Each structure stands twice: as structure tokens, then as C-alpha cells.
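Please consult the sequence and the structure while reading.

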Amino acid sequence: MYEDMKVKVKHVVDKGDIIDDYITDDERRQAFNQWSKGFTRMDHPTVIQVVLDTSKDRDISGHSLPNLIYVSRQKSKTSPHHFKAGALNVLLRVSAAMTNAPIVLTQDCDMYSNDPGTPLRVLCYLSDPEIKSNLAFIQFPQRFHGLNEYDTYASEYKRIFQINPLGFDGLIGPNYVGSGCFFLRRALFGGPTTPVPLKISELNPDHAVNKPIKSQSILILAHHVAGCNYENQTQWGSKIGFRYGSLVEDFYTGYRLQCEGWKSVFCDPERAAFLGDVPITLVDVLGQCKRWCIGLFEVTFSKYNTLIFGSQSMGVWMSLAYSHYAFWPIWCIPVSFYCFLPQLALANQVSIFPKVLEPWFFVYVFLVLGAYGQDFLDFVLAGGTARKWWNAQRLWMIRGLTCFLFGSVDYMLKSVGIATHGFSLTSKVLDDAQSKRYGQGIFEFGVPSPLFVPLTMAAIINLFSLVLGMAGFVRGNIEEGLGLQMILTGFIVLNCLPIYGAIALRNDAGKMATKVTVISTFIASAGSMGSPRCPSLRVNKVNRSLSRLKCAIESVQGADRAIGLASLAGRPVPVAVGSVPWRTSLKGSDQWNSPNSNHSDLKVKNMIFLCVGVRTPGSNGQALVEDRLLRLRTSNQKLLSRQNGLSPHMNKGEEMLRCQREERPS
């Protein structure tokens, strides 16, 4: 039957019309006649068609088939339809009018049953006298088929669907994840002790339907409750049914039900109860997650905030458990900082992490290794592998730079009325070329999406900073305390290897779009050049230059007279940290004067120099040294003036030295 239906649907879609051969009786003809020229996806009447009737239809062995009813709710451009939650509430009302079964299974269209014994497991929980009085739903983990060997995009969401629900189950119960969940119908109509009264008694969860599903009165009622205006001035979506107000209606509904006093159970049998498909392109994975982030923020910043309202309704621990999800998008802040700030500091040789052997260094290392170690252990104990864990932590970083960031921005813009967002379905259509690349574990970047811009920027900046850091390490110019930053940058570069390949090494349709690469490179270059050079970096370079300058001056032993360093100190400027001491004369004295010396013939205690070179001894060599000292004195004074907001004018001592040099015979 399924294969026959599949062929017919494909033929109708290709042709754009339904031929008479597919209409076997007047009942179906009447249903198909509703598809008129004015019938559109967003504007059409209610369509309810009984496909299978358990009282009449039998399978090939003579057993009764379950009821199968096609429902397409009424839609109008002038009425909100509340996305998936609105569709579920229509199905809840129509099923109440036609059968009113006490148990409701919610299932995504791409999921299918993998274990016929699943309903028996559910009945065991619902029959338990100790928990059935306030048991709202039994949640099975979402599992997927079609994953490649190493789950490139971390589509299993092992922590959300398998690891974290175990912790929830130790409190009140797991959260509702939108699919693979059996609800007690009564739980959707008010709290355990406070049911919400309904205007139509036939929709009450304890109402018994005693008429055939094809009877005229049943069909009229079903069409009525499926209308787009039925919910006006009712409590549907607020206190009855699946809750409105968030794009993550599953998270929000489960949270609200548990706030009302209901509990849930997590059932994770060895054989998967249900299996489903996963998106096979990165842009679809990130788009789905971005929609989740917007919906989570809608819950976080509502009157049902998980920290305030949740702690009052469920207790602190359950409130914190839900807040772990509700505040998920704010991970974009630390992830963005760790992907950009240490790298820009490394490029400027500025240390922002604790130095080795400092107490905070060991605390930092312990926290990082402990967090990653615990995450790895939880993942492996849940049946994961090391390679899948690596891909999962890589996608965590990618989500922090893309969907977490864009979801947060979209929500803020929407909150101030600048932009709006809608519900976009996650594409799971299989393309042959994309399927082949996905099977090989190759990332798909072919779509020029804005989501890829910050990701590519981070890859470029980290690679650039790592190269500069390694170059400084080889030359021996690396500053103390930059080791942790180099390790962090190298770790991120290792995670970004698929991005580098998509930018420079691939020629297939899944490579990074040229537009994204150019924009990301331009912004990354502007950000790198625009990052301020830290004054401490300049001071460190000055100290090294002072040491070299001291050695150079000491080597000028054949000079006729000592260099007049006093003439260079017209106006004091900030002293360099750790400045080296100087001789009062280049010959005949072994006494040293530090920058704090009180000798009147040496006033270089407040000078800052850059690296200079000295020629062979003699008057020409002395003149060259004085000339370079003067120029470097002027340039550094300008630098410090810009940093301190002062005017970089030369003093009279410098002018006198220039005159002396010009009058000196060659």
C-alpha cells in the first residue's frame, strides 16, 4: 500500500493534477475537489479524510487495521497558525472528536517505529499505581539512522537526547523533545488536580465517543474544531494543549506541564523505539539550531522564566536543569571571546593568561582538562566513540560562532521591532552528491550563508596568529606567558581543518563560497590591523633594545670624546620598565648609573630607545650613534605623546644637538 501511494503521489506532484484513475470512489472525489485554484499552502479550508476505518478495513491476513485519518487544518493569511504547536492542538481536538483515545503519541514526520513492543513499555508505566496519578508523558530518546561513521555534524545530540535526560529523570522527569513521546491526554487539559473546563464537552479527555468516525455529526464537529478561528477567546495554547509563545514548543510545553505539577519518565531501551533522519548539510544543521536558540530566548525572557518562575514551581534543581537549556544561546559570548581575543593578543605578543608556575595557571589548566575530561567520559559511557566526541566538541564551537550568535542577534532585533523571524523547516531531502560527501565525512559549505562568515573569520585569525606565534618562538622573541594562548590557538586551528580545506583545497560543489571567503578575509584583516598594540609590548621591545644599545656604545672605545647623552634629555618621558644602567663615560670609568642615579651629567633615566646599530669607533661612529639616538628619541617621544594625549614637540636640547651635528666637519 505504501509503495503504491508513493508512486501515485510522485506522479501527481510531477503532473500537477490528480487524474481520475486515482479517484476510486465518490468519497475520495469529494475530498480532492476541495483542491481548487484558490487552494494555497497558507490559505485553504479544512480537509479531513478517513483513509482507514478499523471497523471495516482488514489487512491481507484478515486482521483489523487501525484508524488512519488525514487532517489538514484550515489556514488563513489573516489568522496566526502557531506553527507546529498549532498543528498539534488541531490534531488533539480532531482526535478527541473522532476517537478520544486516552494516550497520544507525538511523532515527527521523518520518524518511524523501530520496535513493535514500545506501546507495551508505555502501558507498564501508565499502569503503575505509584506514579500514574501525576504522570504526564513517557519520553523515548531520539535516535537516527543514516548517520555517517563518525557523525560529522554531531546530529545525534547525545547529550540532549540520552545523557542529560538521565539526570532529569532523577528529579521530576525528562523534558519533552518533540518526538517519540507518549502523552496521557488528560495532562494536556490542566494540572493533576485542577482540570480546565472546556466549552465543548465532547473534547473533554474523559468523554467516550460512541459513534462511528464517519458519522455526519462526528465529521462536522471535527471540521469545526480544526478551523483557524476556533481558538479565538479560548485558553488553547495558554493553559490547554501544546503551549504557544515559543518556537521550541516541545521544550516550552514540557516545562509548563512540569510547572503545573506533572511528572514524566525517561525510557531508553537497548533497541531504539523510533528512528529518524538527520540533515546532511551544515547549513541545515545550523539553521535548525538557530531556530532552537530563538525559541529558547523566548522562554527565557518571558514571565515563565526558568530561573524565577521555574524555581517557584518546580524547585531549584529542576529550575537549574531547565535553565541549562534556556540560556544555551549565551554560549556565543565566551566562545567568541576564546576564538578571537587570545589570538589577537598572541599576534601582538601580549599575555592574557596566567604564566607558568603561577597559582592561577594550575587552576585554569585543571578546569579546562576537567571539563573536557568529564565531557569525554560521559560521551563514551553513553555509547559514543572518541572520533564522534571530537566531532561533537568541534560542532559545539561552530554552533557558538554561528547559530548561537545569529539566534541571539535575531531575537534581540525582533524584540525591538527591527526584524522578525519565522518557522523554517529543516530540509532533510537527500541529494546524491551531498549524500556522497556526507558519507565520506566531508563538510558541506556550498551555500553562501552569513552563518559561515564569523566561522571563517575565526579560522583565518587563528591560523594567522598561530603562524606569528610560532615564528616568534623560533626566533626566540616569544614573550613569557604566551604558551597557553599558543596551545588554545593550535587547538582551534586543528578544529578548523575542514574549513581550510573548503577554502583552499576543494573544487567540489561543497567548498566554501567565494563570497563568504572574501568577506571573511576582509573583515579578519581589518580586525587584525585595527587591534591596538599594547604599550607593555612596546616597553618589552624597548628593554631588549636598550640592552643591545648598551653593548654597542661600550664597543666604541676609540672615540675622541664620550657621547653627550645629557643633551638628549630635554624633557622627561615615561621610563621603560627594567631599563638598563649606563656608564657616565665611555672610557676611564667603571661606575654605573642606574635610571634612578642623581648624576647631573647623565639624564637618560627617562628615555626610551629602539634597537640601533653602531659603526666602528671614531668621530664618524660617534656622530652616527648620536644621530640615531636623536631620531629614535624623537620617534619614541611621538609614540608616547600619542598614547598620553600630548603634543610631540622636540625640546631645545634636541635642536642644539642637531645644530652641533650639522656644524661638525665631516
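How do the residues of the lining of the second largest pocket divide into nonpolar, polar and charged?

## The second largest pocket

The structure discussed here is a predicted model. In the second largest pocket, the lining consists of 32 nonpolar, six polar and seven charged residues. The space in this pocket amounts to about 1600 Å³. It is lined by 45 residues, of which W331, A371, Y372, D375 and W396 are the closest to the centre.

Several elements each give two or more residues to this lining: α5 (158–169), α10 (316–326), α11 (332–347), α12 (359–381), α13 (386–401) and α17 (483–495). The most is given by α12, with 11 residues.

## A three-stranded sheet

An open sheet is formed by three strands in the order β4-β9-β6, and its pairing is mixed. Because β4 (111–113) and β6 (143–144) each have a single partner strand, they stand at the edges, and one side of each is left without a neighbour in the sheet.

Strand β9 (residues 274–276) runs parallel to β6, and two bridges join these strands. F144 has G276 in β9 as its bridge partner.

## A nonpolar patch on the surface

A nonpolar patch on the surface is formed by L171, L307, I308, V316, W317 and L320, which together have about 630 Å² of accessible area. Three residues of the patch come from α10, which gives the most to it. L307 is placed in the loop between α8 (282–300) and α9 (308–314).

Key:
Residues numbered from 1 in each chain as written. Predicted model: local features only at pLDDT ≥ 70, side-chain atom pairs only at ≥ 80, totals over all residues. Heavy atoms only, no water. Pairing = 2+ DSSP bridges. Helix = DSSP H or I, 4+ residues; strand = E, 2+ residues; numbered from the N terminus. 1 Å grid on protein atoms, 1.4 Å probe; cavity = no way out; pocket = protein on both sides within 12 Å on 5 of 7 lines; lining within 4 Å. Points joined across faces, edges and corners; volume = space filled by probe spheres on them. Nonpolar A, V, L, I, M, F, W, Y, C, P; charged D, E, K, R; others polar. Patch = residues over 30% accessible without salt bridge, like charges linked within 9 Å, V, L, I, M, F, W, Y side chains within 5 Å. Areas by Shrake-Rupley, 256 points an atom, 1.4 Å probe, with all protein chains shown as cover. Salt bridge = Lys/Arg side-chain N within 4 Å of Asp/Glu carboxyl O.
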